[in-house]
Amino acid sequence: MLRIILGAMATLALLPIASASYEAIASASDSRNQRAPGELFDVGGYRLHLNCTGQGAPTVILDAGLGGSSLDWSLVQPALSRTTRTCAFDRAGMGWSERGRGERTPEQIADELAVLLERANIEGPYVLVAHSLAGKNARLFALRHREDVAGMVLIDARHEYVDEHTSAAEQEAFLAALAAQSFQYGAARRVGIVRLFGDQLAGAPSMPARVRAEIALMATRPGAIATTTEEARARSASDDLLRNAPSLGGMPLVAIAAGENMREARWAEGQRRLAALSTHGRLVVAQGSSHAVAWDDPGLVIATVREVVAEARAIRPDELP
């Protein structure tokens with residue numbers, strides 16, 4: 001009995017070591033074999049990943065939410081690509097992109113996107129599709145490159161109104177939760193849990209298991225965890241620029257709000273304000289959807305983006321063949 005107990009204890013003690021070794025070997029294999037689906041372009045000493053598919057104008061630019069990657073659009077991009085060129089990119093430090101320089105503010109990210117599109121020879125006009133915190137990136141890009149932006153779809157995007165009405169205590173709680181999440185992600189990754197069960201931890205059930213697993217692995221890389229924290233800490237850094245931005249005029253714009261989040265008064269008001277950024281803006285509620293609308297209701301996202309693309313083509317027929 002004593003030998004059995006000691007043997008069991010030794011096995012349990014060795015499991016974390018074995019798991020960590022397995023993860024280290026598998027991660028090294030990833031770096032050698034996991035090819036980016038798109039191309040990497042230098043934007044000033046570091047490279048960003050851009051995956052473009054399809055033909056036609058305007059070009060749809062997809063920017064995932066906090067902690068996400070270009071893979072987040074796996075249920076949306078193929079369908080959009082059948083009617084126009086569609087490009088999903090990874091912000092610096094996320095997905096296949098290299099870590100960036102400078103503070104991870106929405107302003108910095110918008111500037112990096114402009115350089116990326118220039119280096120990749122992806123000319124406007126663009127329809128910007130942005131989820132969650134990335135909505136600020138899209139709006140700042142439009143502020144600086146208004147003539148190149150033909151429309152926007154903001155998917156349950158964060159508005160500065162929410163930041164203004166977030167108390168110091170709530171902000172502290174958010175940062176504490178973020179630190180705890182970072183620790184949990186890192187620990188789960190180091191011992192191989194993410195690799196073994198990633199297809200059950202991320203993505204939508206309708207996605208192939210391989211894609212779901214890859215999304216989980218992308219989000220829990222050390223660089224991605226660090227970048228997510230940096231972006232989250234800087235989420236209100238560009239709010240003054242957004243508050244003082246001029247109207248978008250009659251730009252086709254749709255704010256898609258997650259039904260579950262519309263029960264929260266501050267968030268609901270933020271969604272209404274996003275829709276009001278343009279005289280041609282409107283609010284659509286994804287009933288029953290969580291914050292991950294592109295996973296829960298990809299059909300709504302696809303149909304809405306196609307509507308904005310069609311509206312942009314009608315408004316700017318000379319520029320959009």
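**Strand pairing and aromatic contacts in a predicted model**

Strand E2 and strand E4 (residues 86–90) run antiparallel and are joined by 5 bridges, where strands are DSSP runs of E with at least two residues, numbered from the N terminus, and two strands pair if DSSP finds at least two bridges between them. The structure is a predicted model, in which local features need pLDDT of at least 70 and side-chain atom pairs count only at pLDDT 80 or more, while totals for chains, interfaces and linings use all residues. Residues are numbered from 1 along each chain as its sequence is written, and side-chain values use heavy atoms, with hydrogens and water left out.

Cysteine 52 stands opposite cysteine 87 in E4. Strand E2 (residues 47–53) is also joined, by 4 bridges, to strand E1 (residues 39–42), and these two run antiparallel; aspartate 42 has arginine 47 in E2 as its bridge partner. E1 and E2 form a hairpin with 4 residues between them, and glycine 44 in the turn has a positive phi of about 125°.

The count of aromatic pairs comes to 1, with rings of Phe, Tyr and Trp (its six-membered ring) pairing if their centres lie within 6.5 Å, and planes counting as stacked under 30 degrees apart, edge-to-face over 60 and tilted for the rest. The ring centres of tyrosine 126 and phenylalanine 141 lie 5.9 Å apart and their planes stand at 70°, so the pair is edge-to-face. Tyrosine 126 counts as buried at 5% relative accessibility, as does phenylalanine 141, with a relative accessible area of 2%; buried means under 20% relative accessible area, exposed over 50% and partly exposed in between (1.4 Å probe, protein chains only).
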